Amino acid sequence: MTPLHLAHHTVSCCAGDGLEALRLALRNGTSGLRPYRIEGLGTDTWIGEVHGLDDTPLPAPQAGFDCRNNRLARRGLAADGFEDAIRRRIAHHGPRRVGVVLGTSTSGILSTELAYRQRASEGGPLPSSLNYRGSHSTYSLADFVRTWLAIEGPAYVVSTACSSSAKAYAAAARLIHAGLIDAALVGGVDSLCFTTLHGFASLELTSPEPCRPYDAARSGISIGEAAAFAFLERPADSLDADAVLLLGCGESSDAYHMSSPHPEGLGARLAMEGALAQAGLDTADIDYINLHGTATPNNDSAEGHAVASLFGTRVAASSTKGVTGHTLGAAGALEISISAVALAEGLLPGSVHTRKLDPSIPIDYVLASRDAPLNRAMSNSFGFGGSNCSVIIGRAG
Amino acid sequence: MSAPVSLSAWIEGVGLIAPGLPDWAHGAAVLAGRDAHLLAPSVLPAPMVLPPNERRRASRVVRVALASGLAALEQAGMAPSGVAAVFAASTADGHNCHALCETLASSDQRVSPTRFHNSLHNTPAGYWSIATGAMAASQSLCASDASFAAGLIETLVQIHATNAPCVLIAYDAEYPEPLASLRPIPDAAGISLALGPRPSPRSLARLDIRLGDGAATRLGTPSLETLRTAIPALRGLPLLEALASARGGELNLEYLAPLSLHLTLSPC
């Protein structure tokens with residue numbers, strides 16, 4: 001694949017707003033997770049919440065889109081001056097030549113969950129304030145962002161559970177390479193809701209402690225929320241050495257089980273091989289792997305074995321979900337941004353909360369953050385339904 | 001300004017399930033005007049490709065997606081295990097969503113694990129790959145009422161990128177009340193297109209698409225036009241009408257304002 005330029009990117013997550021907060025959390029190993037009781041279940045877990053969303057409704061022209069997920073999207077767009085920068089890029093390319101491809105798993109379903117609770121306590125119909133199209137609809141995220149930024153090009157939401165926003169990168173790159181657009185706003189936004197908190201608890205996949213990826217005693221995920229955005233375009237003739245390029249994406253299906261990964265990580269391996277093939281790279285060309293690493297026993301085992309079978313112990317790898325939590329449909333884009341920060345900083349991010357590595361997974365797992373020269377990184381994202389995506393990015397120089 | 005970019009593919013097979021259009025053979029006769037359109041609820045066959053347990057529990061979105069997708073590939077003579085798939089729908093399983101929200105609003109808030117994984121937008125894609133053994137990439141996307149055109153674009157873009165066949169599986173199904181009042185979709189329906197990068201002896205037509213801004217093509221039969229606008233997946237019916245009547249030509253599918261999707265259909 002011809003490389004594309006991540007001309008701008010930014011994130012908002014429980015570690016803070018913007019790349020500087022993220023960089024500090026990664027370098028210092030600070031976790032944004034905090035304890036949380038799932039009311040109604042009495043289940044104790046930890047979550048990665050973005051604070052202040054309850055007090056920041058969308059302004060009047062976009063009030064129809066108001067919901068937690070779109071508030072988080074707006075919060076993300078505002079970080080790092082991202083919105084101002086890409087408004088200039090949109091004007092440069094022309095609004096019809098810019099696409100919007102974003103990932104989410106649950107969109108604004110929280111609004112409907114709360115409306116059902118109000119209906120249950122008061123009887124009668126759903127409250128008239130519930131706007132299906134602006135909140136609940138899977139597309140509402142891209143609808144809001146496209147409207148907010150007055151983009152007029154092709155758009156859609158990718159919703160493949162926890163691989164959603166990684167696959168958004170792959171899909172946007174295809175649209176650019178097919179010539180339908182010249183640039184794309186890509187990324188993902190997923191926000192806390194009862195469906196995922198209760199759903200993962202029902203599968204006994206939420207951890208009672210902060211998640212411990214690849215730990216021998218790992219006990220499940222810490223659900224987080226995040227907005228992560230990037231602006232993809234064809235690279236200029238000359239780029240700074242620090243510029244980050246999208247080099248390749250690989251996608252596959254497990255064809256195995258709806259909520260368990262293939263035990264040997266066969267689908268995960270296919271996705272990683274696909275990304276290497278599209279980038280025209282060999283395993284030796286990768287300097288860091290940001291693992292999906294959710295900290296469930298099955299996921300880390302399956303992914304770890306796939307990584308070990310492909311890379312052996314030659315490549316440093318870590319999961320950063322101890323810092324951010326598992327941000328589900330936003331995880332792909334969030335962790336591509338984390339990988340981009342790692343490349344720009346020359347930083348191998350450590351694995352917060354992981355204490356004793358699982359000895360049955362033979363990979364070079366990074367426990368404590370350290371400096372290292374990095375040229376290329378792979379980010380893995382795997383979702384329910386057996387949906388897998390690996391993305392490779394690299395420094396321009 | 002340079003000419004708009006056009007992408008092309010060959011239609012190798014069609015799957016159709018809609019109210020009064022039980023499959024592509026019967027639906028084509030109706031769309032071509034040879035048979036009358038008699039409104040009847042969509043018939044969703046049990047997905048025989050799933051194991052008995054899963055088959056019994058398969059939701060309406062899973063049934064319509066699998067049945068129409070497999071029909072398209074069968075007509076195309078393509079083995080499902082080797083074909084990339086694009087699933088396009090305006091939402092996930094509405095009945096499951098309602099049941100989940102009711103549970104979360106009740107005194108006993110324990111949800112079933114099956115309800116949870118069936119709440120995903122990509123549940124049909126997951127069952128599809130499990131049923132067919134397809135380990136190729138599959139996409140699950142949503143663009144609300146524009147989901148059919150969005151899926152068709154993604155399918156042709158994938159064919160452009162891989163030079164390999166790809167199947168579009170566009171489907172939707174209804175919500176129960178009270179959500180049905182907010183998002184009225186009258187029934188389940190699906191349109192699937194098995195598309196290839198080059199002509200074959202089975203090719204039905206060549207399809208060229210480009211972004212435009214012409215008004216969406218309407219259907220002449222009022223009951224069909226009502227379906228086109230009532231069920232997002234059936235925004236693709238004008239394409240099937242042109243294919244059924246073997247006349248080809250140019251048409252526009254509804255997409256995201258200010259865009260529409262301009263199609264040129266050339267029968268083989």
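Tutor: In chain A, three strands form an open sheet in the order β3-β4-β8, with mixed pairing; strands (E, at least two residues) and helices (H or I, at least four) are DSSP runs numbered from the N terminus, and two strands pair if DSSP finds at least two bridges between them. This is a predicted model, in which local features need pLDDT of at least 70 and side-chain atom pairs count only at pLDDT 80 or more, whereas totals for chains, interfaces and linings use all residues. Residues are numbered from 1 along each chain as its sequence is written, while chains are lettered from A and ligands numbered from 1 in the order in which they are written.

The edge strands of the sheet are β3 (34-38) and β8 (223-224) of chain A, each pairing on one side only. β3(A) pairs with β4(A) in the antiparallel sense over five bridges. Four residues separate these two strands in a hairpin, and G40(A) in the turn has a positive phi of about 90°. On the other pairing, β4(A), residues 43-48, runs parallel to β8(A) over two bridges. I47(A) takes part in both pairings: I47(A) is the bridge partner of R34(A) and stands opposite I223(A) in β8(A).

C142(B) is buried, because 29 other C-beta atoms lie within 10 Å; 20 or more count as buried, 12 or fewer as exposed, and values in between as partly exposed, with C-beta atoms placed from the backbone. Beyond residues up to four places away in sequence, C142(B) touches residues of both chains, including Y156(A), V157(A), A89(B) and H121(B). F87(B) is 55 residues from C142(B) in sequence, yet their C-alpha atoms are 8.6 Å apart.

The largest nonpolar core has 233 residues, of which Y169(A), A172(A), A184(A), V186(A), L232(A) and I393(A) touch the most other members. Such a core is a set of buried Ala, Val, Leu, Ile, Met, Phe, Trp, Tyr and Cys residues joined through C-beta atoms within 7 Å. Helix α3(B), residues 60-76, supplies the largest share, 11 residues. Leaving aside neighbours within four places in sequence, Y169(A) contacts V186(A), L246(A), C249(A), I336(A) and V391(A).

Finally, in chain B, the axes of α1 (24-31) and α10 (237-244) come within 8 Å and cross at roughly 85°. Axes are lines fitted to C-alpha atoms, for helices over the stretch in contact, and angles run from 0 to 180 degrees between N-to-C directions. The two helices, α1(B) and α10(B), are therefore roughly perpendicular (65 to 115 degrees; under 35 is roughly parallel, over 145 roughly antiparallel, and the rest oblique). Here G27(B), A28(B) and L31(B) meet L240(B), E241(B) and A244(B).

Technical notes. Two residues are in contact if their C-beta atoms, placed from the backbone, lie within 7 Å.
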